[in-house]
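Good morning, and thank you for making time for this item.

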Amino acid sequence: GTPRRVLLGFDGDEPIFAIDSFDDFPGGIFISAGNSLTHLQPDTSLGDNEDHEDPILSDATNMAVSSSHYLVATTFENYGVNNIYLATQEKSSGNTSGHFLTNATAFNSEINGNPWIVDLGTDQFALFWERIELGMVNVCSVLLDDAGKPIGQIQTWRDCSLSTMVPIGIN
């Protein structure tokens, strides 16, 4: 099939690809490392999104490579509601996991999208995304460890947007 989007990262000199939604496998995100192709299936038992069924990972926006994991920032769509989902693959074992960073439902007015991972060095990352609530665009962020797990609380900047900028980290 034909991928909708291919993201490129590097693990040393080795190219790593995150492949978004093959035509014959809609809603799929795959990691291609070396000779393996791994499907990153969302685990709906994690976080507050355990009641969602038939998840669709859509809009893989970028990826990062830590010393131990591949991280892919995605938007998770279910029943027309978007949430931010971070899909990960452990390099040594190939095991995949992930977690939700937002919990929008059809019963609230929150829309989440445009997730972007920034490498801060020393195996730490920041994940930014936009959240629209009651017509106001806000930017949210959280620090991540090398496995993509949140460090601390989500921060929110009110009445601003990521627009077309690419967040960068400066040590």
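Before the first residue, one term: strands here are DSSP runs of E, at least two residues long, numbered from the N terminus. In that sense, Ala126 is found in strand S10, which covers residues 124-133. Please keep in mind throughout that this is a predicted model.

Let me stay with Ala126. Its relative accessible area is 6%, and the cut-off for burial is under 20%, so Ala126 is buried. Setting aside residues up to four places away in sequence, Ala126 touches Trp116, Ile117, Val118, Leu120, Val142 and Leu143. A further pairing concerns Ile151: this residue is 25 residues from Ala126 in sequence, while their C-alpha atoms are 9.5 Å apart in space.

I turn now to Asn62, in strand S5, residues 56-65. Is Asn62 buried or exposed? With a relative accessibility of 8%, Asn62 counts as buried. Which backbone atom lies 2.9 Å from a polar atom of the Asn62 side chain? That atom is the backbone nitrogen of Ile117. Beyond its neighbours within four places in sequence, Asn62 is in contact with Leu7, Leu71, Val72, Ala73, Pro115, Trp116 and Ile117.

As a general point, nonpolar side chains in soluble globular proteins tend to be buried together. In this model, the largest nonpolar core has 16 residues, and those with the most contacts inside it are Ile16, Ala18, Ile31, Leu40, Met63, Tyr70 and Val72. At least two residues of this core come from each of strands S2 (14-22), S3 (25-33), S5, S6 (69-78) and S7 (81-90).

Finally, the surface. Val6, Leu8, Phe10 and Phe17 form a nonpolar patch there, and together they have about 370 Å² of accessible area. Which strand gives the largest share of this patch? Strand S1, residues 3-11, does, with 3 residues. Phe17, by contrast, lies in strand S2. With a relative accessible area of 30%, Phe17 is partly exposed.

Thank you; I would be glad to take questions.

Definitions and conventions
Residues are numbered from 1 along each chain as its sequence is written. This is a predicted model: local features need pLDDT of at least 70, side-chain atom pairs count only at pLDDT 80 or more; totals for chains, interfaces and linings use all residues. Side-chain values use heavy atoms; hydrogens and water are left out. Helices (H or I, at least four residues) and strands (E, at least two) are DSSP runs, numbered from the N terminus. Buried means under 20% relative accessible area, exposed over 50%, partly exposed in between (1.4 Å probe, protein chains only). A polar contact is a pair of N or O atoms within 3.5 Å; within protein, one must be able to donate a hydrogen and the other to accept it, and residues adjacent in sequence count only if both atoms are side-chain atoms. Contact means heavy atoms within 4.5 Å. A nonpolar core is a set of buried Ala, Val, Leu, Ile, Met, Phe, Trp, Tyr and Cys residues joined through side-chain atoms within 4.5 Å. Patches are made of residues with over 30% relative accessible area and no salt bridge: like charges are joined within 9 Å, nonpolar side chains (Val, Leu, Ile, Met, Phe, Trp, Tyr) within 5 Å. Accessible areas come from the Shrake-Rupley method with a 1.4 Å probe; for residues, only the protein chains shown count as cover. A salt bridge is a side-chain nitrogen of Lys or Arg within 4 Å of a carboxyl oxygen of Asp or Glu.
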